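Reader: I would like to see how the labels used for a structure follow from its computed values. Could you take me through some of them?

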Amino acid sequence: MSVRPTKIREQFRSLWNSHTSPRKLALALAVGVFLGASPLWGLHTLLALGLCLLVGLNKPAALFGTLVSNPLLAPFLIFFSLETGSWLLYGRAAHLSLQDIKEHFRSPHWQDLLNEYLLPYCVGSVIVGLALAFGTFWIALWIARSYRSVNQQTGESQG
């Protein structure tokens, strides 16, 4: 079963044409991006849906935002999150050589692995997620307002 590009375009247009205000639409996208950048792999969709139901955000927009953690972008998200967290916590870059990673995995102290990789990744993912969400909010708000403004003008001139 293949997805036609026209169907994707139609769904994307329907998102911008939804009855959700541009601000709430942008917020839903930003929330989805923030959750998608989190280290809670496998839970992004459930968290986005739950949060949307809880606070009344646009579910399709939030789900679209979680796609930031797709296989093409996920390695970059992980890398930037790990590096950001490592700089914030330890004031240095993360040890990402294969030799360093092997040494940490061989260590009898599991705390070494957590301190070197997991903790910086979690801390960094919050910072990277917030930065991406903030940017997404403002860009999506601009797009939603522009898209609706153009559609209103063309609708008025045709009617």
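Author: What follows is a set of questions on a predicted model, each answered by setting a value against its cut-off.

Reader: Why is C52 called buried?

Author: Buried means under 20% relative accessible area, and C52 has 2% relative accessibility, so C52 counts as buried. C122, by contrast, has a relative accessible area of 30%, which lies between the 20% and 50% limits and is therefore called partly exposed.

Reader: What makes the buried residues of helix 3 line one face of the helix?

Author: The buried residues of helix 3 are H44, A48 and C52. Seen down the axis of helix 3, they fall within an arc of 60°, and therefore they line one face. These buried residues pack against helix 2 (22-36) and helix 4 (59-66), while the face turned away from the buried side carries the exposed residues L46, L53 and L54.

Reader: Why is the pair of F79 and F80 called edge-to-face?

Author: Ring centres within 6.5 Å make a pair, and planes over 60 degrees apart make it edge-to-face; F79 and F80 lie 5.4 Å centre to centre with 70° between the planes, so both conditions hold. F137 and W138 are likewise edge-to-face, at 5.0 Å and 85°.

Reader: How do you know whether F137 and W138 are buried or partly exposed?

Author: F137 has a relative accessible area of 12%, under the 20% limit, and is therefore buried, whereas W138, at 44% relative accessibility, falls between 20% and 50% and so counts as partly exposed. Together with F134, F137 and W138 form one aromatic cluster.

Note on methods. Residues are numbered from 1 along each chain as its sequence is written. This is a predicted model: local features need pLDDT of at least 70, side-chain atom pairs count only at pLDDT 80 or more; totals for chains, interfaces and linings use all residues. Side-chain values use heavy atoms; hydrogens and water are left out. Buried means under 20% relative accessible area, exposed over 50%, partly exposed in between (1.4 Å probe, protein chains only). Helices (H or I, at least four residues) and strands (E, at least two) are DSSP runs, numbered from the N terminus. The arc is that of the directions from the helix axis to the C-beta atoms. Contact means heavy atoms within 4.5 Å. Rings of Phe, Tyr and Trp (its six-membered ring) pair if their centres lie within 6.5 Å; planes under 30 degrees apart count as stacked, over 60 as edge-to-face and the rest as tilted.
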